[in-house]
Amino acid sequence: MLVLTEVSKWYHGQSRIFENVSFEMKKGDFLYLVGGTGAGKSSLLRMIATEESPTSGQVSLFGYPLATVSESTLRAIRQSIGYVPQGTRLIPDLTVFDNVALSLSLAGHRVISAASKAKISELLNRLGLESKRDHLACMLSGGEAQRVAVARALVRTPELIIADEPTGAQDRDYTWSLMDLFLKANVGGAAVILATHDREIVRRVRKRSAVLRKGQVTLEDAACIY
Ligand SMILES: Nc1ncnc2c1ncn2[C@@H]1O[C@H](COP(=O)(O)OP(=O)(O)O)[C@@H](O)[C@H]1O
Ligand SMILES: [Mg+2]
């Protein structure tokens, strides 16, 4: 489903962010991406989310090398991804409900079905946002906006979930509500790659980890990390 082959990244005029990173994920895998601030987690996830290209090496998603896919295939790939970026990137003058619903219309559902509306409501309820559904996104706290961004990523049942520190602005209760949603999606067959530096999550929910350190990635079993 996801294959990185000797991927390296430099930003213009800077030293390398990472070099010759290779790993793969299969359907139903769950992988933490851990590493200190500035290690390159967000850069790596933006590449996997098709937002940036590697300086060298290859990223393949669902069997397609991203460097050579057609526009229409790229669109289809993006529709199968649920991405929670580190900055939530909600549309400030749309309501909470519409921010989530927009993810469905961008995925090609022109009319939001009753079932989809129910799904949005259920996600908002689970994340303590039911009273905020008609509020404009610009009125939300950082934690609320982050939970809306997760709802937006999960609502269309993606095959690959890419979550960049999705619990970074949450208290403990919401951290576990969010983790519960990611784990349920994973049990339902989605592959999940989740960047975090929350040691308690990594300790309590034992999964394989990709550790990003000094530009290199090492894969570690749950037992070895932290
Ligand atoms: N668009 C960019 N242009 C230049 N440098 C960048 C850009 N994005 C990130 N960086 C740099 O790349 C490094 C890794 O950043 P980032 O991927 O955000 O790390 P992390 O998410 O692990 O904190 C940092 O040194 C950061 O300053
Ligand atoms: Mg980051």
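How many bridges join strand 3 to strand 9, and do these strands run parallel or antiparallel? Four bridges join them, and the two strands run parallel. The points below set this pairing in its context; the model under discussion is predicted.

1. Overall content and dimensions. The protein contains seven helices and 10 strands. Along the principal axes, the C-alpha atoms occupy a box of roughly 45 × 40 × 35 Å.

2. Burial and contacts. Of the 226 residues, 35% are buried.

3. Strand 3 and its partners. Strand 3 spans residues 30-34 and is mostly covered, with four of its five residues buried. Besides the pairing with strand 9 (residues 208-213), strand 3 pairs in the parallel sense with strand 8 (residues 191-195) over four bridges. Leu-33 illustrates both pairings: Ala-195 stands opposite this residue in strand 8, while Ala-210 is its bridge partner in strand 9.

4. An open sheet of four strands has the order 2-1-4-5, and its pairing is antiparallel. Its edges are formed by strand 2 (16-25) and strand 5 (64-65), each of which pairs on one side only. Within this sheet, strand 1 (residues 2-10) is joined to strand 2 by six bridges, the two running antiparallel. One point of reference in that pairing is Trp-10, whose bridge partner in strand 2 is Arg-16.

5. Helix 1 and the sheet. Helix 1, comprising residues 41-48, lies across strand 1, strand 2 and strand 4 (56-61). The helix runs at about 130 degrees to strand 1.

6. The surroundings of ligand 1. Helix 1 also supplies the largest share of the shell around ligand 1, namely three residues. The residues surrounding the ligand are Tyr-11, Gln-14, Ile-17, Gly-35, Thr-37, Gly-38, Ala-39, Gly-40, Lys-41, Ser-42 and Ser-43. By class, this shell divides into three nonpolar, seven polar and one charged residue.

Methods
Residues are numbered from 1 along each chain as its sequence is written. Chains are lettered from A and ligands numbered from 1 in the order in which they are written. This is a predicted model: local features need pLDDT of at least 70, side-chain atom pairs count only at pLDDT 80 or more; totals for chains, interfaces and linings use all residues. A residue is buried if 20 or more other C-beta atoms lie within 10 Å of its own, exposed if 12 or fewer, and partly exposed in between; C-beta atoms are placed from the backbone. Two strands pair if DSSP finds at least two bridges between them. Two residues are in contact if their C-beta atoms, placed from the backbone, lie within 7 Å. Axes are lines fitted to C-alpha atoms, for helices over the stretch in contact, and angles run from 0 to 180 degrees between N-to-C directions. A residue is near a molecule or strand if its C-beta atom, placed from the backbone, lies within 6 Å of it. Ala, Val, Leu, Ile, Met, Phe, Trp, Tyr, Cys and Pro count as nonpolar, Asp, Glu, Lys and Arg as charged, and the others, Gly among them, as polar.
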